[in-house]
Amino acid sequence: MKTQKEKMFDGEPYDAHSDEMIMIRKRVKRILHRLNVTEYYSDNFKAVMNELCPNSAKNIHLEPPFYCDYGDHIYAGEKVFINFGAVILDGAKVTIGAHTMLAPGVHIYTAKHPLDADERDKWEDCRPVTIGERCWIGGHATICPGVTIGNRCVIGAGSVVVKDIPDDSLAVGNPARVIRKLNGTENKQELAR
């Protein structure tokens, strides 16, 4: 029989308020306290980052304060930079490609809740989020459950991303929409017409 955490990570309905899940989040909150308060830029700071996010590259940088649900569902590549005030609800896998930068206040959500109130009282589920390599996610952008953002994208400040964004795109707005192609692909697109 699966644990609630296994159900959550597999995208199945699970009880987020079970004793098991509460105990896991309490442990994570103690690590977050060390990251955000007691170890902030001490000699032990990197070790605490790696304890919180053991599946991320060792050179990930989390600028405190940083908030997440679990940490071990965050898979950040080499030299990922996450600026202060970021929130990652990582009930499902959150993949952040190498050399991607998140501006202050970026929120990434994997948690979904049923629309029906009776169901919402009993369970929730999660959908993974993937952000490609060499992306720039602008300040206070929100990435919603199940979204994939391609490589080399820029997401404008304050945008709410509810649908997938293809490689080499500038997307802005609420909901975010692609307003132009980037990195030389705009010329290729014109030539193809």
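Colleague: Where is Thr185 placed?

Modeller: In helix α5, residues 185–192. Helices are DSSP runs (H or I) of at least four residues, and strands (E) of at least two, numbered from the N terminus.

Colleague: Is Thr185 buried or exposed?

Modeller: Buried, at 18% relative accessible area. Buried means under 20%, exposed over 50%, partly exposed in between (1.4 Å probe, protein chains only).

Colleague: What should I know about the source?

Modeller: The model is predicted: local features need pLDDT of at least 70 and side-chain atom pairs 80 or more, while totals for chains, interfaces and linings use all residues. Residues are numbered from 1 along each chain, and side-chain values use heavy atoms, without hydrogens and water.

Colleague: New topic. How many aromatic pairs does a search of the whole structure find?

Modeller: One. Tyr40 and Phe45 pair edge-to-face, 6.1 Å centre to centre, with 90 degrees between the planes. Rings of Phe, Tyr and Trp (its six-membered ring) pair if their centres lie within 6.5 Å; planes under 30 degrees apart are stacked, over 60 edge-to-face, the rest tilted.

Colleague: And is Phe45 buried or exposed?

Modeller: Phe45 is buried at 4%, whereas Tyr40 is partly exposed at 39%.
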